[in-house]
Amino acid sequence: MDSPTFASWLEQLEQLSPSQWERLHARVEQTDASAADRLLEAHPPRRCPHCDAVHLIRWGSAHGLPRYRCTTCGRTCNALTGSPLARLRQRSHWLRFAQALIDGVTIRQAAVQCAIHRNTALRWRRRFLAAPALQQASQVHGIVEADETFFLKSLKGQRHLTRPPRQRGGVGRTRGAGPDHVPVLVIRDRGGAMADVILRKLDATHIRRALQPLVDPDAVLCTDGASVYTAFANATGIAHEALPIRGPRVRGAFHIQHVNAYDSRLKNWMRRFHGIATRYLDQYLGWRRLLERYRQSPTPQACLLEALGSQHLTVT
């Protein structure tokens with residue numbers, strides 16, 4: 001449909017009666033539900049969510065979705081069983097909510113766009129982000145950049161506070177590595193593989209615990225001049241390029257500009273939420289990693305599949 005035709009069609013919508021509006025709304029919901037169901041049908045579970053067996057056979061359908069039976073344990077499942085989205089209703093709104101996640105709108109804005117209650121929108125955000133929070137690189141190779149960034153510690157949503165409440169995020173009494181902030185270590189290699197770790201404390205012990213499982217022994221670790229990274233490199237024998245805080249920040253191919261650029265994008269994107277509850281920080285970090293994996297423009301269909309978790313889906 002060309003633009004003039006579409007504009008003319010939009011103008012005619014103003015002439016619809018209330019009953020016609022209801023019929024149009026019902027038809028749109030039916031179309032959205034069919035689109036989500038077709039997507040789930042095209043990506044059946046590849047393993048049994050009950051016993052992890054790989055032999056599943058088609059076993060009728062239920063609630064609009066194909067059902068599968070495990071030949072090992074005999075139990076049935078569908079594409080949602082065992083996923084974070086299991087037992088959620090109103091599938092007709094899921095793709096629109098996925099688009100709201102891509103746009104990064106607030107809970108209230110997402111609720112209006114999807115015609116759902118704000119409490120439902122909040123619950124859906126937690127469910128949709130549960131799987132992306134766990135999806136990150138298990139190991140980084142080659143030239144690896146690592147640097148820490150800090151987020152204000154927040155008790156948003158808790159009833160009993162140990163300090164006066166802040167307004168719309170507010171500011172802390174301390175800066176940087178002080179007790180009012182949560183350190184997040186971001187690790188990224190030149191191939192784009194990335195991981196981040198929320199640290200309880202920024203010291204040599206916690207840095208080693210975060211980096212050792214992630215950094216390949218043959219990698220070259222690029223960091224700033226903080227002594228905790230030097231201590232890690234000396235203890236593990238990993239090649240280390242420490243760049244001074246003051247002076248030239250690039251030494252040939254060695255720098256931390258990629259991870260610093262990501263930190264800047266992350267902090268700017270986080271500002272729209274006016275403070276994030278620390279207990280949900282991992283979900284928002286996963287949310288941002290999801291956008292980065294798709295160069296900040298995933299489709300609603302891809303976002304919905306990410307929310308289901310890769311362990312539940314057939315790779316196509």
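Visitor: Are Y284 and W287 buried or exposed?

Guide: Buried means under 20% relative accessible area, exposed over 50%, and partly exposed in between, with a 1.4 Å probe and protein chains only. By that rule both Y284 and W287 are buried, and W287 has a relative accessibility of 2%. This is a predicted model, in which local features need pLDDT of at least 70 and side-chain atom pairs count only at pLDDT 80 or more, while totals for chains, interfaces and linings use all residues. Residues are numbered from 1 along each chain as its sequence is written, and side-chain values use heavy atoms, with hydrogens and water left out.

Visitor: How many aromatic pairs are there, and which kind is formed by W269 and W287?

Guide: Rings of Phe, Tyr and Trp (its six-membered ring) pair if their centres lie within 6.5 Å; planes under 30 degrees apart count as stacked, over 60 as edge-to-face and the rest as tilted. The count here comes to 8 aromatic pairs. The pair of W269 and W287 is edge-to-face, with 5.0 Å from centre to centre and 85° between the planes. Helices (H or I, at least four residues) are DSSP runs, numbered from the N terminus. Because W269 lies in helix α8 (residues 257–270) and W287 in helix α9 (residues 281–293), this pair ties together parts that are 18 residues apart in sequence. W269 is buried as well, at a relative accessible area of 5%.

Visitor: Why is the pair of Y284 and W287 called tilted?

Guide: The ring centres of Y284 and W287 are 5.6 Å apart and their planes stand at 40°, so the pair is tilted. The two residues are 3 apart in helix α9, which means that about one helical turn separates them.

Visitor: Which residues do ring pairs link into a cluster?

Guide: Ring pairs link W94, F97, W124 and F128 into a cluster. Of these, W94 and F97 are among the buried residues of α3, a helix that is largely enclosed by the rest of the structure because 7 of its 10 residues are buried.

Visitor: Which residues of α3 and α4 meet?

Guide: Contact means heavy atoms within 4.5 Å, and on that basis R96, F97 and A100 in α3 meet A110, Q113 and C114 in α4. For the geometry, axes are lines fitted to C-alpha atoms, for helices over the stretch in contact, and angles run from 0 to 180 degrees between N-to-C directions. The axes of α3 (residues 94–103) and α4 (residues 107–114) come within 9 Å and cross at roughly 150°.
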